[in-house]
Amino acid sequence: MAASLLDIADLAPQLAKTAALFGLDLGTKTIGVAISDLGRRMASPLVLIVRRKFTLDVEELGKLIARHKPAAIVIGLPLNMDGSEGPRAQATRSFVRNLLPLIDIPVVFWDERLSTVAVTRTLLEADTSRKRRGELVDKMAAAFILQGALDRLARIASDLAGDD
């Protein structure tokens, strides 16, 4: 088993032509999970895991992996605005370090700066209630993170193909 931590550029050539990816937004209370379509063009919110203990969180994530069979997981890395890593980024790295031996698909970090801000702004513009925003923001942030990675993967594929 034991997965590996890859850079997005290293993941790109390993992916099958059609395979979904998971996106995770790791919060202190919840884990937002998003999934891409098989062609990896669009990310959609999937589910919200309410965090309890690491083993229970990973068990729930494992069930989702078994059901949806993603080719890789993109996890948002919460960097500070200056690009440095604070306690949240360190907690995310620790989670991934503990997760890797328990899964068999690669993991990629994705800079998630401003993802929650962008999603919250979108929900505010849609006049979503505070309660509903609380239910949606982490799942939508996971989709926002995953969409950024999907767009980068598409650009890598385009560059490799020599398209402009």
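Which residue forms a salt bridge with Asp-57? The partner is Arg-51, and the closest N and O atoms of the two residues are 3.2 Å apart. A salt bridge is defined here as a side-chain nitrogen of Lys or Arg within 4 Å of a carboxyl oxygen of Asp or Glu.

The structure is a predicted model, in which local features need pLDDT of at least 70 and side-chain atom pairs count only at pLDDT 80 or more, while totals for chains, interfaces and linings use all residues. Residues are numbered from 1 along each chain as its sequence is written, and side-chain values use heavy atoms, with hydrogens and water left out.

## Overall architecture

The secondary structure comprises five helices and six strands. Along the sequence they follow the pattern β-α-β-β-β-α-β-α-β-α-α. The chain has 164 residues, of which 43% count as buried. Buried means under 20% relative accessible area, exposed means over 50%, and partly exposed lies in between (1.4 Å probe, protein chains only). Among contacts between residues at least 6 apart in sequence, 64% join residues at least 24 apart; a contact means heavy atoms within 4.5 Å.

## The sheet and its helices

Six strands form an open sheet with mixed pairing, in the order E1-E6-E5-E2-E3-E4. Its edge strands are E1 (5-6) and E4 (43-50), each of which pairs on one side only. Two strands are taken to pair if DSSP finds at least two bridges between them. E1 and E6 (residues 107-111) pair in the parallel sense over two bridges, and Val-107 in E6 is the bridge partner of Leu-5.

Helix H2 (residues 54-68) packs on this sheet and touches E2 (21-26), E3 (30-36), E4 and E5 (72-77). The direction of H2 makes about 150 degrees with that of E4. Helix H3 (residues 87-99) also packs on the sheet, touching E1, E2, E3, E5 and E6, and its direction makes about 160 degrees with that of E5. For these angles, axes are lines fitted to C-alpha atoms, for helices over the stretch in contact, and values run from 0 to 180 degrees between N-to-C directions.

## Nonpolar cores and the aromatic pair

A nonpolar core is a set of buried Ala, Val, Leu, Ile, Met, Phe, Trp, Tyr and Cys residues joined through side-chain atoms within 4.5 Å. The largest such core has 26 residues, and those with the most contacts inside it are Ile-73, Ile-75 and Ile-103. E2, E3, H2, E5, H3 and E6 each give two or more residues to this core. Leaving aside residues up to four places away in sequence, the residues that Ile-75 touches include Leu-24, Val-96, Val-108, Trp-110 and Ile-145. A second, separate core of 19 residues includes Leu-6, Ile-8, Ala-12 and Val-74.

The structure holds one aromatic pair. The ring centres of Phe-54 and Phe-95 lie 5.3 Å apart with planes at 75 degrees, so the pair is edge-to-face. Rings of Phe, Tyr and Trp (its six-membered ring) pair if their centres lie within 6.5 Å; planes under 30 degrees apart count as stacked, over 60 as edge-to-face and the rest as tilted. The pair links distant parts of the chain, with Phe-54 in H2 and Phe-95 in H3, 41 residues apart. Phe-54 is partly exposed at 26% relative accessibility, whereas Phe-95 is buried at 5%.

## Salt bridges

The count comes to seven salt bridges, including those tabulated here.

| Residues | Closest N to O distance |
|---|---|
| Asp-57 and Arg-51 | 3.2 Å |

Asp-57 is buried, with a relative accessible area of 2%, while Arg-51 is partly exposed at 25%. Lys-63 and Glu-59 are four residues apart in H2, and therefore separated by about one helical turn; Glu-59 is partly exposed at 45%. Arg-155 and Asp-159 are likewise four residues apart, in H5 (residues 130-161). Arg-155 is partly exposed at 42% relative accessibility, and Asp-159 is partly exposed with a relative accessible area of 42%.

## Positive phi in loops

Arg-40, a residue other than glycine, has a positive phi near 55 degrees. It is placed in the loop between E3 and E4 and is buried, with a relative accessible area of 16%. Lys-69 has a positive phi of about 50 degrees although it is not a glycine. Lys-69 lies in the loop between H2 and E5 and counts as exposed at 62% relative accessibility.
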